[in-house]
Amino acid sequence: MPLQTTEAIVIGGHNLGEADRIIPFFTRQLGKVRAVARGARRIRSRYGGSLELFTLGQLVFFEWPNRTLHKINEFSVVEPFVELKADLGRLGRGAYLVELAGASVEEAEPNEEIFLLLRDALTLLALHDDPRLLRAFEIRLLRIVGYLLELYRCLICQSTLEHSAEPAISPTRGGLVCSRCRTRAQDNLPISLESLGFLRSALHGGLEQSLASPLVHPHTASLQEVLRVCIAHFFGKRLRSIAFLNLVE
């Protein structure tokens with residue numbers, strides 16, 4: 001039963017028995033890990049509030065070989081991200097980010113790039129409650145996990161877009177279809193040139209740079225729907241946090 005130490009973010013949690021909790025973490029070295037916090041629900045628990053959603057910390061746990069549920073030895077808080085729990089809007093957007101990150105990998109599948117993306121996104125969300133941050137997170141996450149949308153050429157005729165074009169995104173084809181080919185993609189989702197430009201910029205810059213990229217309503221709302229449909233298609237499910245997010249937005 002080796003002892004593992006890694007930087008980790010709390011991405012959920014549920015009760016186990018009368019006094020324990022099962023905590024899923026997204027870790028820097030080991031990917032998604034679930035571990036039991038013994039006695040976490042007791043009044044005098046040694047964990048206190050350290051295992052709350054979004055908390056970034058240093059996780060020390062006993063790894064059970066050939067099992068997916070381990071045992072927490074210690075979790076030292078580095079950043080609690082209390083701002084994300086101060087209002088329902090940030091709480092909903094933060095919950096969406098951690099659920100999406102968790103859904104993108106299997107248990108114990110290491111992916112440091114996703115961990116860093118999530119850590120940076122939570123840090124920025126605590127400072128800037130901006131929907132562009134979520135859209136940049138989504139498109140960058142899709143790139144990391146191998147579902148990068150084609151954003152430059154029509155996937156049917158291979159033509160590049162004209163300035164006056166009315167393009168669409170086809171999830172089944174994996175990206176862009178031009179106005180001439182849209183009828184050949186039954187799942188085409190209209191996307192504005194402004195939204196297309198934002199996605200291209202978000203891929204080339206960082207999350208923070210995306211907050212400076214111009215994208216205003218109604219383009220933010222339509223792009224949100226395009227990316228959510230794509231994510232549901234690629235991941236094979238609709239995230240539970242979306243229902244709560246729709247209520248608070």
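At what angle do the axes of helix H3 and helix H4 cross, and within what distance do they come? Select residues 131-144 for H3 and residues 193-204 for H4: the two axes come within 9 Å and cross at roughly 65°. Keep in mind throughout that this is a predicted model. Angles of 65 to 115 degrees count as roughly perpendicular, so H3 and H4 are described as roughly perpendicular to each other. Their crossing is right-handed.

Now show the side chains at this crossing. From H3, pick Arg132, Arg135, Ala136, Ile139, Arg140 and Arg143; they meet Phe198, Leu199, Ala202 and Leu203 of H4. Sorted by class, this contact has six nonpolar residues, four charged ones and no polar ones.

Select H1 (88-103) and H6 (219-235). These helices pack at an angle of about 30°, and their axes are 12 Å apart. Angles under 35 degrees count as roughly parallel, so that is the description for H1 and H6. Here the crossing is left-handed. To see who meets whom, display Tyr96, Leu100 and Ala103 on H1 together with Arg228, Ile231 and Phe235 on H6. Five of the residues in this contact are nonpolar, one is charged and none is polar.

**Into the cores**

Which residues have the most contacts inside the largest nonpolar core? Select Leu118, Leu122 and Phe137, which hold that place in a core of 54 residues. H1, H2 (112-127), H3, H4, H6 and H7 (241-248) each supply at least two residues, and H2 gives the most, with nine.

Centre the view on Leu122. Beyond its neighbours within four places in sequence, Leu122 is in contact with Ile9, Phe54, Phe81, Leu84, Gly94, Leu97 and Val98. Apart from this core lies another, of 14 residues, including Ile23, Val33, Phe61 and Ile72.

Most residues other than glycine have a negative phi, and most peptide bonds are trans. Phe54 has a positive phi, near 80°, and Phe81 has a positive phi as well, near 50°. Look for Phe54 in the loop between strand S4 (31-37) and strand S5 (56-62), and for Phe81 in the loop between strand S6 (69-79) and H1. Are they buried or exposed? Buried means under 20% relative accessible area, so Phe54 at 0% is buried, and so is Phe81 at 4%.

Then jump to Pro218, in the loop between helix H5 (207-210) and H6. The peptide bond leading from His217 to Pro218 is cis, with omega near 10°.

Select Leu124 in helix H2, a buried residue with a relative accessible area of 10%. Setting aside residues up to four places away in sequence, Leu124 touches Leu133, Leu207, Glu208 and Leu211. Now draw one from Leu124 to Ile22, 102 residues away along the chain, and the separation is 27 Å.

Ile22 sits in strand S3 (residues 20-27) and is buried, at 6% relative accessible area. Its contacts beyond four places in sequence are Gly13, His14, Leu16, Arg34, Ala35, Val36 and Leu69.

Conventions
Residues are numbered from 1 along each chain as its sequence is written. This is a predicted model: local features need pLDDT of at least 70, side-chain atom pairs count only at pLDDT 80 or more; totals for chains, interfaces and linings use all residues. Side-chain values use heavy atoms; hydrogens and water are left out. Axes are lines fitted to C-alpha atoms, for helices over the stretch in contact, and angles run from 0 to 180 degrees between N-to-C directions. Helices (H or I, at least four residues) and strands (E, at least two) are DSSP runs, numbered from the N terminus. Angles under 35 degrees count as roughly parallel, over 145 as roughly antiparallel, 65 to 115 as roughly perpendicular and the rest as oblique. A crossing is left-handed if the near helix is turned anticlockwise from the far one by less than a right angle, and right-handed if clockwise. Contact means heavy atoms within 4.5 Å. Ala, Val, Leu, Ile, Met, Phe, Trp, Tyr, Cys and Pro count as nonpolar, Asp, Glu, Lys and Arg as charged, and the others, Gly among them, as polar. A nonpolar core is a set of buried Ala, Val, Leu, Ile, Met, Phe, Trp, Tyr and Cys residues joined through side-chain atoms within 4.5 Å. Buried means under 20% relative accessible area, exposed over 50%, partly exposed in between (1.4 Å probe, protein chains only).
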